[in-house]
Structure formats: structure tokens, C-alpha cells
Amino acid sequence: MADVIIQIYGIRTVEDARMVIGLGGHHIGVSYGKIKRTPGQLTCEQAKEIFEGVQPEAVKIGLTVAEDIDEITENLKEVLPDVLHLSGDIEGISPEQVAELRSRFPGLKIMQAIPVLSGVPLQEQKVMQYIRDYESTTDFFLIDTKAPEAGDIGATGLTHDRAIDRAIIESTKVPCIIAGGLDASNVAEAIHMTHPYGVDSFSLTNLDNPDPNSLGCKDPEKVKAFIEAAFHA
């Protein structure tokens, strides 16, 4: 049995949050903020309802793609998660600005998304430089696939070279969660290849045909299969 943290993103209802934790997940990821920036992003009030309604053992992750730390601060004053996931353009918030956010919210942990381009050799990317630059200001790295045309990181459903994940994990003492196109069919292999702290799924644990009249978008069967595959890796 693999000793990995299971992180499920795209949580938009209390019911989905409780389902994920009930099936054995550890982290629930919620995108929220006062300014609408991404599809599926919740209001602060909706995020607060989820964080207050989920089981107490859940680790509550709040995602932002904002790059203005004052905007982020206002969101955090409304709803403070356990972990703030910075998933916008990594160069939009400097390590010094991340440190400033930490000083404003001393108990808050930081998860820094690291953008990995699919099909591009490691030596042609800035990945390892980002690791060195942000190592001292983060509690977790979330290694995710970045679409070349996108400003923010992740939510693509695209995979990348897991050897890059392994190189990152072996280079840092910061716990690393791997993401990018993971589902029940490939998560065990990814765990064996990289030995991560945790694994993350968003796109591929969503419903194929979500109810247009509901915010719920997670597929219980896909979530269950993903968690079981990760646990038994």
C-alpha cells in the first residue's frame, strides 16, 4: 500500500467534499475568490460553506490564480483555508511576495504550483530554477502540466514526463504532490516512478455529463477508483 496523500480538486459542493473524504481522500481543493478568474471558481461564501461543512480531518486547500497579493489577502480574510495554492503565472508573484503573504497569515501553509511543459526536455525548462527560487517560501510543491498558451498552471488533463517529477522530488526536501492527467489507470505507475508525497486529480475525476442545475461535478466512481489505485500502488 502506497503511503501517499490523495488530493482531489474541483470541489464545488459540500456533498462532493464529504464524498471525497469519505472515500479516503485527504486534501480537498476549492478555487474561490471575489473576482471571477477561472471557470468553476466559487465565491468566498460558497467556499466557506464547503470548508465548514466537510469532515474535520479534511485538509482544506484554497486555490487562486490571482497575482495581486492584496487581492489574495482580501480573499483570505473572508475564507482562510489550511493551505493556499498559488496556481497563477509563477512569475507573477515573487518569492518575496509569497513571504509577505506568509507574514500576513502566520498559520497559513503555501502550496506553490510548478509548471511543467509537456513534450519539452527538462533542460529546456525553468523548472529547477523555480524549485530553487521558491523552496524557502513554500510548504508543498504541486507539480502540474502547463498548457503553452495558458497563463495559469494545471486543470488541463494533460500529462507530462514523470521523469521530470522524479528529478524535482529528488532535488528538494519540500513535499511534492504530482498532478497532470492522473486517473485510476496511470496513478499507480506514476507513484512507482516518482515516489511523491501525494497525488492530485481534477479533470479526470469529473463527471462526463454533470447536471447543469447543480454545482456538483465529481464522479464518485472515478474518485473511488483513483483513491483505491493510489492506495494499492
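Tyr 197 is partly exposed at 33% relative accessibility, where partly exposed lies between buried (under 20% relative accessible area) and exposed (over 50%), computed with a 1.4 Å probe on protein chains only. This is a predicted model, in which local features need pLDDT of at least 70 and side-chain atom pairs count only at pLDDT 80 or more, while totals for chains, interfaces and linings use all residues. Residues are numbered from 1 along each chain as its sequence is written, and side-chain values use heavy atoms, with hydrogens and water left out.

The whole structure contains 2 aromatic pairs. Rings of Phe, Tyr and Trp (its six-membered ring) pair if their centres lie within 6.5 Å; planes under 30 degrees apart are stacked, over 60 edge-to-face and the rest tilted.

| Pair | Centre to centre | Angle between planes | Class |
|---|---|---|---|
| Tyr 32 and Phe 51 | 6.2 Å | 85° | edge-to-face |
| Phe 140 and Tyr 197 | 5.7 Å | 35° | tilted |

Tyr 32 lies in the loop between strand 2 and helix 2, and Phe 51 in helix 2, so their pair ties together parts 19 residues apart in sequence. Tyr 32 is buried at 5% relative accessibility, and Phe 51 is buried at 8%. Phe 140, in strand 6 (residues 140–146), is joined to Tyr 197, in the loop between helix 7 (187–194) and strand 8 (198–201), so this pair ties together parts 57 residues apart in sequence. Helices (H or I, at least four residues) and strands (E, at least two) are DSSP runs, numbered from the N terminus.

Gln 55, in the loop between helix 2 (44–53) and strand 3 (59–64), is buried with a relative accessible area of 12%.
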